[in-house]
Amino acid sequence: FKSMTKGVIVNDNVATVSQLYNLDSFDGWLAAVNLTNSSSMVFQNEAGFSFDLSHIAKDGYFYKQEQQDHVDGRDGTSYFKTIAPMLIMGYFEFVQNGLLKFIMNWVPPFKRAYFGSIYVKTTVDVFICYGFMLMIMMGHDYYNEILIGMFCITVFVYLFQGRKNPIMVNFWTTINPRPAFDLIMDEKKKDRASVRFTIVRMTKQYTLALTVVAILAVDFPLLFDKRLMKTEDQGYSLMDLGVGTVMLSSAFGNRLILTHKSTIKRTHFWSDLKNSLTGNILVTIAASIRFFLLTGIEYHDHVTEWGVHWNFYVTIACVNMLLVFIRSPKYVLIIAMMIVAVQEVLHIHFDALSYLYYAPRDSFFSANKEGFISLPGYFVISLVGIHIGSLVYNCLIFEDPITLHKTIKTKEGMVKRHELEFSLFWQLIFWGFMFLALGEASGYVFNISIRRLCNAAYVFTQIAGFFFMMAGTYFLERCMLERNENMTFKAIALKQFIFFIGCNLLCGLINISVQ
């Protein structure tokens, strides 16, 4: 198209030249297509070459190509601008349970309306949830100001919260009477209990909500900065970080870290494999529907994201199958590091980067090269997710859950719990900087972060960003005396996978209906 810098649209019904256009850009092409409503639309360049544009205009080719060009060729932004939204997201806990309660203390009618009407509570909670996410999307150039502003508001609320009805505690010096986890006793088997960590639940909900807002907002340039889009060749971006955090947070629910080691019932490998196969049915169906639906309606698809037939659901299903072979959380971090090392050696030996960029898609493997090559990296991210879950569990659950249920509210138990909560915060910070250093070193020795390759630098920087987000969220959660759970996140938590699929379908429906 660009080789034909100037041309004319010839309307066969009139048999005259209608107008001369500069068709060097897509705007010129769209103007030419939108001008003529005739059944025949023929383009003719200055050299006299001509061809019919009618079928192209009818099939919506230009709009589909424009959507494709909108997400192609992005190289992201700085690493700080990538993890800054994740740090800001941690302040959601303060907005929901600190700032909101502060306003209620000063405006009692609002408090009565909020807790007295389900409609008012739902409206406020939805506004806080998605308003907060949109602020992250649209504030790319103001992340420094947003972080400083949120910090100042937090300090203000803490200083002027009032002694009679306190909202926050000093995490460094004061014991929060509310534990960082919920002990759920088995009603049938009194000798068993499971643990649900508040920070784990919050992190999964925040990550999922931000992800679904991003996949919809990405098609609207006024809402979503191009620097936040998935990178094409190399670099860092918010949407790249979103994929990694989804894999990390989903690993928190792994069977290896759900129950205490003394109450674990060992399962057979073949039983776990069968459960994994049956559990992946819904994921496989979602992956198949997405492929055939996009193909059938000629929906724009970013091929260099995962491949021709591959998509994120296929990666989830494959990782779930591979996790069956991990029988203990004890050595997952060592296994992850070994896989990363072998992966980098293979990338260098087979020149995987050149293959990824330049190999023609003439076979099933090459057509889906992004999906196949990145799979080991996402498996490593999930293994580290299990390590993080084990880290949280082993740090906070210092006794058997049955015994802990009895001692958690004693004076000695509360002191011990506060010490371990404090220790966990610094462990999250330590591991964050550790993986950040590994990511920088990997980028210096091998290649910098490449999403399509899912190389060591990408894997380590993804994990580092997640640790920092988790540390910030955990710190603010421990400062809140009470938790008023946001109804939007509570609804998301009920059926997370169904919510994710539904939002993908909604995104496609909007793109089909509105140009």
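**Close-up views of a predicted model**

**View 1. A salt bridge between R478 and E477, and the network around it.** In this predicted model, the side chains of R478 and E477 come together in a salt bridge, with a nitrogen-to-oxygen distance of 3.0 Å. Through salt bridges that share partners, R178, R417, E421, E477 and R478 are joined into one network. R478 counts as buried because its relative accessibility is 0%, a value under the 20% that sets the limit for this term. E477 is likewise buried, with a relative accessible area of 0%.

View 2. R417 and E421, which both belong to the network described in the previous view, form a salt bridge in which the closest N and O atoms are 2.9 Å apart. Both residues lie in helix α20, where they are separated by 4 residues, or about one turn of the helix. R417 is buried, and E421 is buried as well.

**View 3. A salt bridge between R451 and D240.** The structure holds 11 salt bridges in total, and one of them links R451 with D240, whose closest N and O atoms are 3.4 Å apart. R451 is placed in the loop between α20 (411–445) and α21 (456–479), whereas D240 belongs to helix α10 (residues 238–250), so the pair ties together parts that are 211 residues apart in sequence. R451 is buried, with a relative accessible area of 4%, and D240 also counts as buried, at 1% relative accessibility.

**View 4. Helix α5 and its surroundings.** Helix α5 covers residues 92–106, which makes 15 residues, and from its first C-alpha to its last it reaches 20 Å, close to the 21 Å expected at 1.5 Å a residue. Of these 15 residues, 11 are buried, so the helix is largely enclosed by the rest of the structure. The buried residues of α5 include F92, F94, V95, L100, F102 and M104, and among them are also E93, Q96, N97, G98 and K101.

**View 5. A nonpolar patch on the surface.** F151, V155, F156, Y158, L159 and F160 form a nonpolar patch on the surface, and together these residues have about 600 Å² of accessible area. One member of the patch, Y158, is found in helix α8, which covers residues 143–159. Y158 is described as partly exposed because its relative accessible area is 32%, a value that falls between the limit for buried, under 20%, and the limit for exposed, over 50%.

Methods: Residues are numbered from 1 along each chain as its sequence is written. This is a predicted model: local features need pLDDT of at least 70, side-chain atom pairs count only at pLDDT 80 or more; totals for chains, interfaces and linings use all residues. Side-chain values use heavy atoms; hydrogens and water are left out. Helices (H or I, at least four residues) and strands (E, at least two) are DSSP runs, numbered from the N terminus. The expected span of a helix is 1.5 Å times one less than its number of residues. Buried means under 20% relative accessible area, exposed over 50%, partly exposed in between (1.4 Å probe, protein chains only). Patches are made of residues with over 30% relative accessible area and no salt bridge: like charges are joined within 9 Å, nonpolar side chains (Val, Leu, Ile, Met, Phe, Trp, Tyr) within 5 Å. Accessible areas come from the Shrake-Rupley method with a 1.4 Å probe; for residues, only the protein chains shown count as cover. A salt bridge is a side-chain nitrogen of Lys or Arg within 4 Å of a carboxyl oxygen of Asp or Glu.
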